[in-house]
Amino acid sequence: LIIGASSGIGKALAEQLLKAGSSVAMLARRREPMEALANAHPGKAFVYQHDVTDYAKTAALFQQITGDLGGLDLVIYNSGIMPTIEENEYNFAKDREIIEVNVTAAIAWLNEAAKRFTQTKSGTIVGISSIAGDRGRRGNPAYCTSKAAIATYLESLRNRLSQYSVRVVTIKPGFIDTDMVRGKPGIFWLISADEAAKRILHAAGS
């Protein structure tokens with residue numbers, strides 16, 4: 001299950017897993033990019049159009065997905081936003097959306113995964129944090145906060161689930177060639193989404 005699978009790293013992850021023969025559930029707000037990938041892998045790719053901040057539907061949709069897949073062994077939370085914040089901009093609406101998508105929704109979905117994997121005593125959870133969470137950078141305070149928060153949540157989840165043979169992997173990418181960073185100043189050591197996906201799956205043991 002890849003949450004945030006319509007573009008960038010999420011799409012690259014789905015492509016690589018499908019090419020390897022895995023059944024993949026792809027979830028995102030935009031259906032069309034996922035449908036195009038699903039059409040290339042009939043019977044293996046499952047598409048779910050969903051806003052991750054619609055928390056009332058999270059538990060039921062998670063159960064539907066596991067049923068459609070016939071099981072579950074890997075969950076990757078890749079949904080994330082990083083709107084442009086001007087130097088002297090303090091925009092609570094933007095900040096709130098960052099926290100909702102990057103943190104609160106991640107907890108909602110990964111709690112469901114944790115409950116299932118605790119019962120099955122197996123499985124891998126992958127969460128995408130960022131090196132931006134290692135320090136409070138001036139450019140986007142809420143984004144840095146969100147990535148620090150999700151890293152701490154994943155660490156806590158790892159400590160809780162290790163006794164059940166469940167792996168929790170925290171990924172902290174640098175700059176990836178995606179719509180999120182494309183065209184922004186100060187970008188260096190850029191790698192492709194395909195290369196990032198390859199390294200993420202290696203870290204996840206997939």
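This is a predicted model: local features need pLDDT of at least 70, side-chain atom pairs count only at pLDDT 80 or more; totals for chains, interfaces and linings use all residues.
1. Glu100 forms a salt bridge with Arg96, the closest N and O atoms being 3.8 Å apart, where a salt bridge is a side-chain nitrogen of Lys or Arg within 4 Å of a carboxyl oxygen of Asp or Glu. The two residues, Glu100 and Arg96, both belong to helix 4 and sit four residues apart, about one turn of the helix; helices here are DSSP runs of H or I with at least four residues, strands are runs of E with at least two, and both are numbered from the N terminus. An α-helix has 3.6 residues a turn, so residues three or four places apart point the same way. Glu100 counts as partly exposed because its relative accessibility is 21%, and Arg96 is partly exposed with a relative accessible area of 49%, given that buried means under 20% relative accessible area, exposed over 50%, and partly exposed in between (1.4 Å probe, protein chains only).

2. Residues are numbered from 1 along each chain as its sequence is written, and side-chain values use heavy atoms, with hydrogens and water left out.

3. The count of salt bridges comes to six. Among them is one in helix 6, where Arg199 pairs with Glu195 at 2.8 Å between the closest N and O atoms; Arg199 and Glu195 are four residues apart in that helix, about one turn, and Glu195 counts as partly exposed at 28% relative accessibility.

4. As for the overall fold, the protein chain has six helices and six strands, which follow the pattern β-α-β-α-β-α-β-α-β-α-β-α when read along the sequence. With 206 residues, a compact globule would have a radius of gyration near 17 Å, and the 16 Å of the protein chain agrees with this; the radius is taken over C-alpha atoms, and the globule rule is 2.2 Å times the number of residues to the power 0.38. The C-alpha trace spans about 50 × 40 × 30 Å along its principal axes, and 44% of the 206 residues count as buried. Among contacts (heavy atoms within 4.5 Å) between residues at least 6 apart in sequence, 61% join residues at least 24 apart.

5. Which residues touch the most other members of the largest nonpolar core? Of its 35 residues, they are Leu1, Ile65, Tyr77, Trp109 and Ile125, a nonpolar core being a set of buried Ala, Val, Leu, Ile, Met, Phe, Trp, Tyr and Cys residues joined through side-chain atoms within 4.5 Å. Strand 2 (24-28), helix 3 (58-69), strand 4 (74-77), helix 4 (92-120) and helix 5 (141-161) each give two or more residues to this core, and helix 4 gives the most, with nine residues. Leaving aside neighbours within four places in sequence, Tyr77 is in contact with residues including Ile3, Val52, Val101, Trp109 and Ile128. A second, separate core of 29 residues includes Ala38, Leu74, Ala193 and Ala196.

6. Helix 1 (residues 8-19) has twelve residues and should span 16 Å at 1.5 Å a residue, which agrees with the 17 Å between its end C-alpha atoms; the expected span is 1.5 Å times one less than the number of residues. Its buried residues are Ile9, Gly10, Ala12, Leu13, Ala14, Leu17 and Leu18, and they pack against strand 1 (2-3), strand 2, helix 2 (31-39), strand 3 (45-49), strand 4 and helix 6 (193-204). Just after helix 1, Gly21 takes a positive phi of about 100°.

7. His50 lies in the loop between strand 3 and helix 3 and counts as buried at 6% relative accessibility; not counting residues up to four places away in sequence, His50 touches Leu27, Ala28, Arg29, Lys57, Leu61 and Trp109. Lys121, in the loop between helix 4 and strand 5 (124-128), is a residue other than glycine with a positive phi, near 55°, and counts as exposed at 51% relative accessibility. Ser165, in the loop between helix 5 and strand 6 (167-171), has a positive phi near 65° and counts as exposed at 55% relative accessibility.
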